[in-house]
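Have your viewer ready and try each task before reading on.

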Amino acid sequence: MKTTRADTGAPFAFRDGRIAFTVDLRAYRLAAVQKAAYRMAAKCTAVIGQIDDHSLDVTLAFPPATGEQAALEVARVFFQELLDQELREKVGEETVSLRTLILAHAFSRARIPPRG
Amino acid sequence: MHPVFQPRSAYAPRAGYCLLPLRLGHLDGNTYIVTNDVGEYVRLERDELVAFVERRLAKDTNAYRTLKSRHFLYEDDSSVAFDLLALKYRSRVDRIAEFTGLHIFVVTLRCDHSCQYCQVSRQSEDVTQYDMTEAHADKALDLVFRSPSERIKIEFQGGEPLLNFPLVCRIVERAQELNQRHRRDLQFVITSNLSRLSDDVLSFCHEHGVYLSTSLDGPADLHDSQRPTRGGGSYQKTIDGIHRAREVLGPDRVSALMTTTPRSLHRVHEIIDEYVRLGFHGIFLRSLSPYGFATRSLVKRYGVEDWLDFYKRGLSHILRINAGGYLLREDYTTILLQKIFSPLGSAYVDLQSPAGIGIGALVYNYDGAVYASDEGRMLAEMGDQTFRLGHVDQEDYEALMTSEALLSSLSDTMLEGSPMCADCPFLPYCGADPVFHRATQGDAVGHKAFSSFCAKQMGVLRHLIGLLETDAEARDILLRWV
């Protein structure tokens, strides 16, 4: 993951109501980024940009009244959420067929209720 | 032949394990929760969670043993987890096949109260054109018994149903007559402010096994200010009705509900104590719903966080009351506990996926229109007919139950396929609420990041899981409510 650094040494730079960074898609799935963006929608709008090789440009746009500290906190939470979403994707990939199997097994002898 | 005892190593866990289907989410701090489709949960620290997902969790840890016992992982030499998960899941969703058990008859819009949070377009007492006709009532009853549900509850709502008591009597008697043939487990409830509870009403309720449900918003001044009536004294009328109903019908045949308004927020202890004083053993700390023109203005006067604070303080007080020896359940908490711990989950219509609209409850309005839920009817009073399924004069049962209005609302909003919900660890304890999201966001699915319904659910569940895991005394009390 690459980030835009400011002179202050903070991991993100808050400029003009936005924080821009790139995500390395070798570390995170695109679906994880999209889901993190969706989940954070109440706090910021995540603009998902171009994919360049393995790099994905993302810009977090904040409501007009958002201060720098609040924006940086949202960005921190965004990346925490991104990590969680990546875990979810990993679990989902491993278990999707098992869920289907369990559901099929659950209803394999289901009886359709008679009409009233 | 001498028996051969295998060495300890023969019984050690196998080298590898695999994940079973689960959802995960952040609780607080460094703590996460994982849940599965049958409502089991485990709390884990993040490093434990990551190790578990990456399949390197040590097998001699408590976390490993707990995850295994609650069907979050399986080892290669056993398929018992699959069988148990399938069995539990089927038990949990079996009630869907029961179909519609709650049938609400809006017998009139007339009312003698002017509640601040009224969710219907109530009419004055002398305007009979807003009463259900006998013909519509009869057709609605025919629809009731088309449901395959073995348990049928007919609930009378309004307005004030006792202002059209003759029709209530007709419906009860006709339903019982029809039930001679249909042989269902039949129950009746009248929701009433009890101000019209005459001896004749009580006698009829006693004879026909009718339950009563009323509203009680707390101490007299609070109740009276929120539920004004001509001549005043709504609180005293309700209290008198409760006492008289208990004398004639029995102590368990009348229940009460409260509604949280801005005035309630700082008086939760007084409200709860009022229920205790009156001998109730349950209280539902119910938030305002966003229906009705009057309610809309009230909803904006407090937010989810305000209500969550109200709820947490209230639950804490209720737990203290229980610890002191008096049984008092918080009803919404009890519903969630059932979803967490009961193999059958909960039958609460408003917390189901697929949603309970139509397939859990149907509403027959005073004018003969049929709605998928009571909230859908309230929404219609505000001009949105999305959840109107048809009319008793025009549609038969099949047409109503296979209408696009119902089926699309059900399928589109299933949590298992909704953004954010599908991955949410609280999914097994939650439900779809298409009417709420239609009312608040203009879309039945709703964007959950902006949903106060979602925020409320998450807040309550996080708090509840926290109590269960960190407060042994609270856990003991809560488990007795299941």
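**Exercise 1.** In which loop of chain B is the place of R55(B), and between which helices?

*Solution.* Keep in mind that this is a predicted model.
- Step 1: go to the loop between helix 1 (46-53) and helix 2 (62-69) of chain B; R55(B) sits there.
- Step 2: check the backbone. Most residues other than glycine have a negative phi.
- Step 3: look at the cover. R55(B) counts as partly exposed because its relative accessibility is 43%, and that class runs between 20% and 50%.

**Exercise 2.** Find D53(A) and decide: is it buried or exposed?

*Solution.* 
- Step 1: locate the residue. D53(A) belongs to the loop that links strand 4 (45-52) with strand 5 (55-61) of chain A.
- Step 2: read off phi, which is near 60° and positive, although D53(A) is not a glycine.
- Step 3: apply the cut-off. Exposed means over 50%, and D53(A) has a relative accessibility of 63%, so it counts as exposed.

**Exercise 3.** Which peptide bonds at G159(B) and P354(B) are cis, and where do these residues lie?

*Solution.* 
- Step 1: recall the background. Most peptide bonds are trans.
- Step 2: take the glycine pair. The bond from G158(B) to G159(B) is cis, with omega near 15°. G159(B) is in the loop between strand 7 (151-157) and helix 5 (165-182) of chain B.
- Step 3: take the proline. S353(B) and P354(B) are joined by a cis bond with omega about 0°. For P354(B), look in the loop between helix 12 (331-341) and strand 13 (361-364) of chain B.

**Exercise 4.** What does R39(A) touch, leaving out residues up to four places away in sequence?

*Solution.* 
- Step 1: R39(A) is in helix 1 (residues 30-39) of chain A.
- Step 2: check the burial. With a relative accessible area of 16%, R39(A) falls under the 20% cut-off and is therefore buried.
- Step 3: list the partners. From chain A come E81(A), Q85(A) and R88(A); from chain B come M420(B), D423(B), A449(B) and M458(B).

**Exercise 5.** Work out the surroundings of L328(B): which residues is it in contact with?

*Solution.* 
- Step 1: find the loop between helix 11 (304-323) and strand 12 (329-330) of chain B, where L328(B) lies.
- Step 2: the relative accessible area is 0%, so L328(B) is buried.
- Step 3: set aside neighbours within four places in sequence. The contacts of L328(B) are then I272(B), V276(B), F280(B), H281(B), G282(B), I283(B), I318(B), I321(B), N322(B) and W481(B).

**Exercise 6.** Why does the radius of gyration of chain B agree with a compact globule?

*Solution.* 
- Step 1: for 482 residues, a compact globule would have a radius of gyration near 23 Å, and chain B has 25 Å, so the two agree.
- Step 2: The C-alpha atoms of chain B fill roughly 85 × 50 × 50 Å along the principal axes.
- Step 3: compare the domains. Domain 1 is 8-93, and domain 2 is 99-281 + 290-314 + 344-388; their C-alpha centres lie 43 Å apart.
- Step 4: finish with burial. Buried residues are 56% of the 482 in chain B.

Notes. Residues numbered from 1 in each chain as written. Chains lettered and ligands numbered in written order. Predicted model: local features only at pLDDT ≥ 70, side-chain atom pairs only at ≥ 80, totals over all residues. Heavy atoms only, no water. Rg over C-alpha atoms; globule rule 2.2 N^0.38 Å. Buried < 20%, exposed > 50% of the residue type's maximum accessible area, 1.4 Å probe, protein only. Domains from an automatic or database assignment. Helix = DSSP H or I, 4+ residues; strand = E, 2+ residues; numbered from the N terminus. Contact = heavy atoms within 4.5 Å.
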